[in-house]
Amino acid sequence: QKAEWEKLKEADTVTADGKHFELAANIGTPKDLEGVHNNGAEAIGLYRTEFLYMDSPDFPTEEDQFEAYKAVLEGMGDKPVVVRTMDIGGDKELPYLTLPHEMNPFLGYRALRISLSELGDDMFRTQLRALLRASAFGNLRIMFPMVATLKEFRAAKKMYDEERQKLIDEGVAVSDTIQVGIMIEIPAAAVLADKFAKEVDFFSIGTNDLIQYTMAADRMNERVSYLYQPYNPSILRLIKNVIDSAHAEGKWAGMCGEMAGDQTAVPILMGMGLDEFSMSATSILKTRSLMKRLSTEDMKVLADKALNDCDTMEEVIELVEEAVK
Ligand code: PEP
Ligand code: MG
């Protein structure tokens, strides 16, 4: 099996009936590029930039960040690189930034909520400038985490536009093909995806958080782990709404949560028309191998059944096992 996967490294991800899906990798630092290349990723679908902040004794400077982003963009050539702006707070603490103690950190002051507040303004603008400067060296896509409302997206986009204009006025080279999108990881955004789709360039579904927020079950708490249900029809319907909403506006929809590399979920996601699957690099070749064996037309029928006929997660699992033998 390993040998078969090895042969797929340079191959395109094309299904049995000739449809292409993009298989991308999730990374945390420029050092992860080696694994990205060794596993034949077609893109980077999630660069979690918070490690730049967590591995540093103080706020990373614009220069430090510029170097890291440039290294990743150059390393990927003309392949897309989706960089997520800082997703700190929640469980991700920084030694040099004191955040108030909270009863529910996952429901609190984190990610874009910090970026858009007075405390985070400088940090966020510094990151945007570093990203914009690095954009001249590759195919950059910027993504905001934990967006709940359109007002938040518009505020973040405005800051992005302002920093972009400042750099252009300073004569700095900035790419004019940067896409700006959002993670869909809060149910409110998944439900309102048709509205978001008019204003963003793309969606990337963050199922790790989307599932915990939809099921109201902490993703780290073992006592409620039975509620962590990627194949629950409720989750599948949210995902379907996000994909259809993107497509209705001519935008693309990807997924960068663990579910994107889950071999039971992949057939359903193919059938729902997800465009990009971003996962840990080590899952890429086995997913490419699976996709090559399946036909999208069959998977559409499967997804349709999962969305409409199944009542429970267990029924969905059974359905997939039956269809993908
Ligand atoms: C997610 O929530 O699915 C996601 C990809 O982000 P993180 O796991 O970093 O919260
Ligand atoms: Mg998340």
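Tutor: Two strands pair if DSSP finds at least two bridges between them. Strands (E, at least two residues) and helices (H or I, at least four) are DSSP runs, numbered from the N terminus. This is a predicted model: local features need pLDDT of at least 70, side-chain atom pairs count only at pLDDT 80 or more, and totals for chains, interfaces and linings use all residues. Residues are numbered from 1 along each chain as written, with chains lettered from A and ligands numbered from 1 in written order.

Student: In what order do the eight strands close into a barrel?
Tutor: The pairing is parallel. For example, β2 and β3 (residues 80-84) are joined by three bridges. The barrel order is β1-β2-β3-β4-β5-β6-β7-β8.

Student: Which residue of β3 is the bridge partner of Ile44?
Tutor: β2 spans 43-48. It runs parallel to β3. The partner of Ile44 is Val81.

Student: Which element gives the largest share of the shell around ligand 1?
Tutor: A residue is near a molecule if its C-beta atom, placed from the backbone, lies within 6 Å of it. Residues around ligand 1 include Arg48, Asp87, Glu185 and Asp209. β2 and α10 (207-215) each supply at least two of the shell. The largest share, three residues, comes from α10.

Student: Are α4 and α6 parallel or oblique to each other?
Tutor: Axes are lines fitted to C-alpha atoms over the stretch in contact, and angles run from 0 to 180 degrees between N-to-C directions. α4 (residues 62-75) and α6 (residues 121-134) pack at about 40°, with axes 8 Å apart. Under 35 degrees is roughly parallel, over 145 roughly antiparallel, 65 to 115 roughly perpendicular, and the rest oblique. The two helices are therefore oblique.
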